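Here's a quick briefing to read alongside the structure. Keep the 3D view open and look for each piece as it comes up.

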Amino acid sequence: MSLGVDPICVSSICSFNCTYCQLGFIQVRVNERQVFVPTEKVMRDLCESRWREADIITVSGSGEPTLAANLGEILVGLKAHTGKPILVLTNGTLLHLPELREELNHADKVFIKLDAATEETFRRINRPVAGVTLDGIISAASLFRQSYRGFLGIQMMFTRVNLHEVPQFAALLNRLRPDEVQLNTPTRPYPETWVVQTRGSHDGVDYPARPLKRVSREEAQAIESELRALTGLNIISVYGDK
Ligand code: SF4
């Protein structure tokens, strides 16, 4: 069981605007860090939560968590208070910042999103803010890989758009050599407006939303097998091939 911690919270704020985002169309699209939720408030809410029941604490929430300028402080506080494993989910757009790479060493696990292997597909799926490129993210992620002391995962969302880039994906994965690769396809619907419930576990969707096109089980298994053959990495899939 994972306890989600949201250091953004005020609305949806991200440096991407992914076509499949469970938050819907991102309301504030930026790539500059600032404090959205004071660390004291995060810690106060943590104390009032059922954190003892969690196996892991996952920092993600209403957008890109590394945009929170107090992320390092929050990670230190979460660890000191709970002693639980801490995971950060990121789109990697700020990994070029040395201070962020250092802060993330307070997390036991970091999972970086990688949904495209070419700049064109990257712009189509992730719709980044101006100035953010796939090449920039991969270069920064490589630097992070060299200094990071924890467990590095790569999360990939397969849709009809990036299905045919598997060899190029394999080349990028071979550059990064993560500890694990996770293959996904959109299982959550795309909300028509931002509603706070989209951050939940989606047990029943009672807000306006439309389903997204997924890859089939057979396609997912073919991608998994090909990536494994081309990289030799530990690959797990939302469908699984075993
Ligand atoms: S990076 Fe995550 S939060 Fe940001 S738009 Fe994409 S899916 Fe949504």
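Predicted model: local features only at pLDDT ≥ 70, side-chain atom pairs only at ≥ 80, totals over all residues.

**A quick tour of the fold**

Now for the bigger picture, topic by topic.

**Overall build**

- The chain has seven helices and 11 strands.
- Of the 242 residues in the chain, 36% are buried.
- Take the contacts with a separation of 6 or more: 76% of them are between residues 24 or more positions apart.

**The sheet**

- Seven strands form an open sheet with parallel pairing, in the order E1-E4-E5-E6-E7-E8-E11.
- Strand E1 (2–5) and strand E11 (235–237) are the edge strands; each has a single partner strand, so one side of each has no neighbour in the sheet.
- From one strand to the next, the twist averages 25°.
- Strand E4 (residues 56–59) runs parallel to strand E5 (residues 86–90), and three bridges join them.
- Across that pairing, Ile 57 sits opposite Ile 86 in E5, and Val 59 sits opposite Val 88 in E5.
- E5 is largely enclosed by the rest of the structure, because four of its five residues are buried.
- Further along, strand E6 (residues 109–113) and strand E7 (residues 151–157) are parallel too, with five bridges between them.
- To spot this pairing, find Ile 112, which stands opposite Ile 154 in E7.

- Helix H5 (residues 134–147) packs with helix H6 (residues 166–176) at an angle of about 35°, and their axes are 9 Å apart.
- On the H5 side, the residues that meet H6 are Ile 138, Ala 141, Ser 142 and Arg 145; their counterparts in H6 are Leu 172, Arg 175 and Leu 176.
- Sorted by type, the residues of this contact are four nonpolar, one polar and two charged.

**A closer look at Ala 107**

- You'll find Ala 107 in the loop between helix H3 (98–103) and E6.
- Is Ala 107 buried or exposed? Ala 107 has 25 other C-beta atoms within 10 Å, so it is buried.
- Ala 107 and Ile 86 are 21 residues apart along the chain, yet their C-alpha atoms are separated by 5.1 Å.
- Setting aside neighbours within four places in sequence, Ala 107 is in contact with Leu 75, Ile 86, Leu 87, Val 88 and Gly 150.

**Around the ligand**

- Which residues are around the ligand? They are Cys 14, Phe 16, Asn 17, Cys 18, Cys 21, Leu 23, Ile 26, Gly 63, Glu 64, Asn 91 and Lys 113.
- By type, this shell divides into six nonpolar, three polar and two charged residues.

Technical notes. Residues numbered from 1 in each chain as written. Helix = DSSP H or I, 4+ residues; strand = E, 2+ residues; numbered from the N terminus. Buried ≥ 20, exposed ≤ 12 C-beta atoms within 10 Å, placed from the backbone. Contact = placed C-beta atoms within 7 Å. Near = placed C-beta within 6 Å. Nonpolar A, V, L, I, M, F, W, Y, C, P; charged D, E, K, R; others polar. Pairing = 2+ DSSP bridges. Axes fitted to C-alpha atoms, helices over the stretch in contact; angles between N-to-C directions.
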